[in-house]
Amino acid sequence: MNISTRKRTGVTMSGLAAAAVFGLYLATAAAPSVSTAYAEAAPELSPVKARARDTYYPNTEDLTPDEMRVIACGTGMPTTRMKQAAACFLVELGNGDKFLFDAGSGSAERISALQIPYNYLDKIFIGHLHSDHFGAVPEYWIGGALMGRNQPLRIWGPSGRIPELGTAAAMDAMQQMFLWDITGRVGNVDPRGYKLEVNEFDYKGENQVVYDENGVVIRSFPAIHAIDGSVSYTLEWNGLKFVFSSDTYPNQWFNKYAKDADLAIHECFIAVPDIVNKLGFTPESALLVGTQIHTAPEAFGKVMSEVKPRMAIAYHFFKDFDTTAQVYKRIRKTYDGPLSLAEDFMVWNVTKDGIRERMAVVEESTWSPPTTRPNVAPSKDDRGKFAKMKGLPVEAIGYSDFIANGKWNVDDVLRPIYQEASEAVGREFPYPSDK
Ligand SMILES: [Zn+2]
Ligand SMILES: [Zn+2]
């Protein structure tokens, strides 16, 4: 729209006033900073032109080369519910890289709703090994591979005080737990996505670099939560800094290494009275869990007053009409800076110029988009290779005669499906029992 168009529509306005209104309108449309200041004039409205969006619709917005987009894909508690999955934050960068920080139970459904091809979702950074922070890893691993991530899933996570309590041991045990699952897929699908690349690092490392690729540097530092072996992360790219606490009691490392953050995400627990009244904890247990294992709202505020991020983000509480006021009121006793109380599908677009906070609106029936790297067909050798790698008898991969002999012969209706595919693709797909 320009001035002449406006004159044609009969709206008159001095150039100066128009510029002021346009300036405000454009600023709102592009990337408004989160601010409590009132706008000085209402933005121009039109009955036929779209207004600035205050909602994020997945797969409808490009990221600019200097922009970071963060989406909350889980902000709740170990008991996941329709409204809130457990901890998971997606970071998308203008260079094309995407990272998951924590992969809590229930978060994979949120990720699927964002319409991102799964082969872009191959990097997960785990803060600690509570189920509400890594419980969805099997879904990203197996479901992600099936939905097109035809490259290994890369996992980063801390060591434990003893090897048995570290990320590598947990991932080994997970692969053992899912041995039947993976064995049953060998020879049927592209096998490449079922590999895991596990990067375990020292949980005591202070501001240690755990990832440095493509201009993105991710560092870890210790967190204090439950037992040794919890960490927090910073991600720095292009002059922007994202910080994720995972779970922690307030600690000196976060105060030090989260400084200068654009987004500082820190856990914040439900207020103690609500832990007693709504979760049914005893007061003794609520005080311990709500103030000593986790970060109480008052303590969250104190941390953020020390760190002074451009935006402080609190998560890890059931965010409801009857819990949020308590959390907010208690944070505000100790912190008066920019604040988001996170819930699932909250979105932050971050540039040097502003931080824009919105909610995503998602479509439940979305499928993940097709892979951007072609899949390869399974090979006859896959089962032999897998059996050797796992030390399994190759005949265990497949059906015994006992089970195979229980099949009811429906070849007459399946054979035409092979013929149909052969004609459609222009290549012969022999029917299995004819090979
Ligand atoms: Zn935890
Ligand atoms: Zn937790």
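**Entry 1. Burial of His133 and Asp247**

I looked up the accessibility of His133 and Asp247, and both are buried. Here buried means under 20% relative accessible area, exposed over 50%, and partly exposed in between, with a 1.4 Å probe and protein chains only. I note that this is a predicted model, in which local features need pLDDT of at least 70, side-chain atom pairs count only at pLDDT 80 or more, and totals for chains, interfaces and linings use all residues. Residues are numbered from 1 along each chain as its sequence is written, chains are lettered from A and ligands numbered from 1 in the order in which they are written, and side-chain values use heavy atoms, with hydrogens and water left out.

**Entry 2. Zinc ion (ligand 2)**

I listed the donors of the zinc ion (ligand 2): Asp132 (OD), His133 (NE2), Asp247 (OD) and His316 (NE2), at 2.0 to 2.2 Å. Donors are N, O and S atoms within 2.8 Å of the metal (3.2 Å for Na, K and Ca); water is not among the atoms, so sites may look incomplete. Along the sequence, the donor residues of this ion are spaced D-H-x113-D-x68-H. His133 lies in helix H4 (residues 131–134) and Asp247 in the loop between strand E11 (240–244) and helix H8 (252–257), so the pair ties together parts that are 114 residues apart in sequence. Helices (H or I, at least four residues) and strands (E, at least two) are DSSP runs, numbered from the N terminus.

I then checked the geometry: the 4 donor atoms of the zinc ion (ligand 2) make angles of 86 to 162°, and the site is irregular. Four donors count as tetrahedral if all angles lie between 85 and 135 degrees; four count as square planar and six as octahedral if opposite donors are over 155 degrees apart and all others between 65 and 115; anything else is irregular.

**Entry 3. Zinc ion (ligand 1)**

For the zinc ion (ligand 1) I found His128 (NE2), His130 (ND1), His225 (NE2) and Asp247 (OD) as donors, at 2.1 to 2.4 Å. Their spacing along the chain is H-x1-H-x94-H-x21-D. This site is irregular, with angles of 92 to 167° among its 4 donor atoms. Asp247 bridges the two zinc ions, ligand 1 and ligand 2, which lie 3.3 Å apart. His128 is buried at 3% relative accessibility, whereas His130 is partly exposed at 33%.

**Entry 4. Positive phi values**

I recorded a phi near 85° for His316, a positive value in a residue other than glycine. His316 sits in the loop between strand E13 (311–315) and helix H12 (324–331) and is buried, with a relative accessible area of 1%. Asp260, also not a glycine, has a positive phi of about 70°. Asp260 belongs to the loop between H8 and strand E12 (263–267) and is exposed at 65% relative accessibility.
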